[in-house]
Amino acid sequence: MNDQERIIALERKIVSLEKTNQALMDRVERTTASAASSYSLFEYNLALQHEVEEQTHELQERNDQLQQALEKLQQATDYLEIRIAERTRELSEANRSLSAEIEIRRIAEEKAQYLAGHDPLTGLANRMLFNVQMQKAVNQTLRSDKHGALLFFDLDRFKHINDTLGHAVGDALLVHMAAVLQARVRKMDTAARLGGDEFAVIMTEIEQPECAAVLAQDILRKLAEPVILLGNEIQVKSSIGIATFQRQNIDQDDYEQIIKNADMAMYHAKATGGMRYCFFEQSLQEKIDIHERINAELRKSLVHRRFVPYFQPLYQIAGKRVLYLEVQTRWNHPERGTLLADGFMGNAAKSGVTKRIDFQVFNRACAHAKTWENEKLPFGRISFNILPQYLERPDFTQNIKKILNHHRLSPQRLAFEISEYALLKNSEQISQTLDTLRDMGVFILVDHLEIERSTLKNLIYYPIDAIKIGHSLISHIGEAKINALIRSIAAVAHTIHLTLIAEVENDAQRDYMQTLDCEIIQNCKHARPMDADETRAYLHEHR
């Protein structure tokens, strides 16, 4: 039984005692009246006294019980008041604790909601919030006579900065970029980091498209100023694409197309020199349509193995003996005929199929080389131009070994031409890859050497067998400064015991290089790039 129930029971008992007392008093009165009529006065008095004593005694007992009940009731009341006070304190403390917990959860939810829509590094809107704000901007423009604009841009050579200076500097650069944007956009605009080094600004309620150009110029002007990041002086470069929109030329579902338009404009700005902005025009859409068509054709041609190797001989000046066959990629296009690499490899790079094309051509060239080896034709080595990013992949040498083993072709039949840029990267992985290739027996030469900064030192430390002077220098033979530079390159090659190769265009250039003890010549006049059948016939003729 709880406290409240006990109190109710006591109250009921008190009421019962009061009723009993009243009954006793009534009984006394009735008895007195009866005795007066039946007994003598003395007897009546005695009886009455006895009755009164009994009733008094009984009433006293009842009063004692009532007093005890009242005392218990008071105790129960006091206990109940104490418990109520204690429970009130407990509830107050629980309420304060609950309020504090609710506030903590509210702050956590607000933080989670903020993080869900913002980039944790820069504090800018992330891609999810950007998409929401972009749709809002389109909807707002549909209800307004004013313009909207999307600025799309990334940082030029950001990967190079990450690779050479470290990710901490790269992160600092992204934070700097965010600060530049936040200091220049209006409160109603949205600045966003879409991922990596990609940024965007959504502008709404602008009077004219030129307002977006003003913002783009301001951003580029600030980025052109050198900035010190973690002790490194960096000059940030960027290209900005701008797509404007207004009520007359969009509908509610057009925001994705606006993003594509800004992206196309940005790449056009890059292609025309960088550090500039460019507005989207319909002609850019036509260009992207062409790119997508070429992309589809490239992928289809990979399936049908339409990329083939052409071979250009590199021969010894003295005896005109073929020492190398430089492999060049051609595309046997089903409609446009045989295409040079310059006409499609740029699109291949944008489409991400360069590696597949290169390895398809390499595979087929190795098959031809094995056939010529079996026929005892004198071709020396087949030589490939290798992109620096291939050398940075740890699995590159294993892939080369698999192809060579598949065709049973010795690594001594192989030469790789690397660019001067690969030497400038100072990559430990590139050095390890070249060491492994050299140990296999692959010949390594630097293509189109022009003595850039740090190249001379790396010629010593990298496992290099030869250097090739490209036609960009050779074509200017006869100019005093160019002649001096070529002589210097030749002197370096002979001093560190490297084979010297030159791309010449005429007999005068060949004769000049011969005076510098150049041993190997590549000359379109002597032998142009040829397909496999023509190369086989050429090798038979010059065996």
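This is a predicted model: local features need pLDDT of at least 70, side-chain atom pairs count only at pLDDT 80 or more; totals for chains, interfaces and linings use all residues.
Residues are numbered from 1 along each chain as its sequence is written, and side-chain values use heavy atoms, with hydrogens and water left out.

Me: Why is Asn261 called buried?
Reply: Buried means under 20% relative accessible area, exposed over 50%, and partly exposed in between, using a 1.4 Å probe and protein chains only. Asn261 has 11% relative accessibility, and therefore counts as buried. Its place is in helix H7 (residues 255-271), where helices (H or I, at least four residues) are DSSP runs numbered from the N terminus.

Me: What is Asn261 in contact with, leaving aside its neighbours within four places in sequence?
Reply: Contact means heavy atoms within 4.5 Å, and Asn261 is in contact with Ala243, Phe280 and Gln285 once those neighbours within four places are left aside.

Me: What makes H3 roughly perpendicular to H7?
Reply: Helix H3 (residues 127-142) and H7 pack at an angle of about 105 degrees, with their axes 9 Å apart. Axes are lines fitted to C-alpha atoms, for helices over the stretch in contact, and angles run from 0 to 180 degrees between N-to-C directions. Angles under 35 degrees count as roughly parallel, over 145 as roughly antiparallel, 65 to 115 as roughly perpendicular and the rest as oblique, and so H3 is roughly perpendicular to H7. On the side of H3 the contact is made by Phe130, Asn131, Met134, Gln135 and Val138, and on the side of H7 by Tyr255, Ile258 and Ile259.

Me: Which residues touch the most other members of the largest nonpolar core?
Reply: A nonpolar core is a set of buried Ala, Val, Leu, Ile, Met, Phe, Trp, Tyr and Cys residues joined through side-chain atoms within 4.5 Å. The largest such core has 74 residues, of which Ile382, Phe416 and Met513 touch the most other members. Helix H10 (residues 354-374) gives this core its largest share, 8 residues. Beyond its neighbours within four places in sequence, Phe416 is in contact with residues including Phe362, Phe384, Ile400 and Leu437. Another core, of 32 residues, lies apart from it, with Leu124, Val169, Met177 and Met203 among them.

Me: How do you know that Arg83 forms a salt bridge with Glu86?
Reply: A salt bridge is a side-chain nitrogen of Lys or Arg within 4 Å of a carboxyl oxygen of Asp or Glu. The closest N and O atoms of Arg83 and Glu86 are 2.7 Å apart, and by that definition the pair forms a salt bridge. Both residues lie in helix H2 (residues 41-117), 3 residues apart, about one turn of the helix. Arg83, at 34% relative accessibility, counts as partly exposed, and Glu86, with a relative accessible area of 28%, is partly exposed too.

Me: Why are Arg510 and Asp507 separated by about one helical turn?
Reply: They are 3 residues apart in helix H18 (residues 507-515), which means a separation of about one helical turn.

Note on methods:
Helices (H or I, at least four residues) and strands (E, at least two) are DSSP runs, numbered from the N terminus.
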